[in-house]
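This report covers the fold, the nonpolar cores and a few selected residues. The sequence and structure come first.

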Amino acid sequence: MDTLTLIKQAHKGDKASRDKVLTENTALIWSIVRRFLNRGYEGEDLFQIGCIGMLKAIDRFDVNYNVAFSTYAVPLITGEIRRFLRDDGIIKISRSIKENQNKIIAETEKFREINHVEPTIEKLAEICSLSKEDVVTAIESLRNVESIYKEVECSGEGNSVSIVDRLVDQSNHENMVLDRMLIKQLLDTLDENERNIIILRYYKNKTQADIAKEIGITQVQVSRKEKKILNKLKKEINF
């Protein structure tokens, strides 16, 4: 049974079809997760977050879209993981979250003592009688990781930009492919002038001064326009 047929069945309430689409796309989820490793979280934890994004993609996908499901799913998976990391673990902790934290800490210690390994999100959800979403929220509030929105200096330009603003990761081919899938959809939300600035800046690696000369405005104007466009794109990324 092909993916579109499975998604149609899932939209009719067929849980088995929904789970099958998720299972068949685990490689895609892991390929995105690998981009966010070394941020203080285990890959398995990020994978569980990516699964939440994939399930949202399955539930929201319109089978009449003229786009591959994987192309539609990438931004939702990426956005889910980014939201998980975004707040540096600093969130308002409600009484229920604190109660969940205490339960998770206690059960984690028991699990370690008996099994000598760390429990996964799925296992914690099972032994704590919580949903995976509740477990993730409780764990997120306990941790402190580097925010992808941390401001960093742009060499030679005298201004700063957040990590997420660097939309194209040049570290390896896989990341570039996934980022371009995401950016292709994001660029469609921009008008022609906005799209031209982003292409020159992040695809052709032009400086703000180079862009200013090319399109006939000042560097200050380019800087302001770029900041405005990136803020617009970040809102799209966060869905």
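## Burial and surface

Of the 239 residues in the protein chain, 41% count as buried (under 20% relative accessible area; exposed is over 50%, partly exposed in between; 1.4 Å probe, protein chains only). The protein chain exposes about 13300 Å², and carbon and sulfur atoms supply 48% of that area (Shrake-Rupley method with a 1.4 Å probe; for residues, only the protein chains shown count as cover).

This is a predicted model, in which local features need pLDDT of at least 70 and side-chain atom pairs count only at pLDDT 80 or more, while totals for chains, interfaces and linings use all residues. Residues are numbered from 1 along each chain as its sequence is written, and side-chain values use heavy atoms, with hydrogens and water left out.

## Fold

The protein chain has 12 helices and two strands (DSSP runs numbered from the N terminus: H or I of at least four residues for helices, E of at least two for strands). Along the sequence the order is α-α-α-α-α-α-α-α-β-β-α-α-α-α.

Among contacts (heavy atoms within 4.5 Å) between residues at least 6 apart in sequence, 59% join residues at least 24 apart.

## Nonpolar cores

In soluble globular proteins, nonpolar side chains tend to be buried together. A nonpolar core here is a set of buried Ala, Val, Leu, Ile, Met, Phe, Trp, Tyr and Cys residues joined through side-chain atoms within 4.5 Å. The largest such core holds 41 residues, of which M54, F69 and I81 touch the most other members. Two or more residues each come from α1 (3–11), α2 (15–24), α3 (26–33), α4 (43–60), α5 (69–86), α6 (95–115), α7 (121–128) and α8 (132–142). Another core, of eight residues, lies apart from it and includes I198, Y202, I229 and L230.

Not counting residues up to four places away in sequence, F69 touches T3, I7, V21, N25, M54, A57, I58 and F61.

## Helix α5

Helix α5 has 18 residues and reaches 26 Å from its first C-alpha to its last, close to the 26 Å expected at 1.5 Å a residue (1.5 Å times one less than the number of residues). Since 14 of these 18 residues are buried, α5 is largely enclosed by the rest of the structure.

T108 lies in helix α6 and is buried, with a relative accessible area of 9%. A polar atom of the T108 side chain lies 2.6 Å from the backbone oxygen of I104. Leaving aside neighbours within four places in sequence, T108 is in contact with E118, P119 and L124.

Q101 is also placed in α6 and counts as buried at 8% relative accessibility. Q101 and T137 are 36 residues apart in sequence, with their C-alpha atoms 9.1 Å apart in space.

Definitions and conventions. A polar contact is a pair of N or O atoms within 3.5 Å; within protein, one must be able to donate a hydrogen and the other to accept it, and residues adjacent in sequence count only if both atoms are side-chain atoms.
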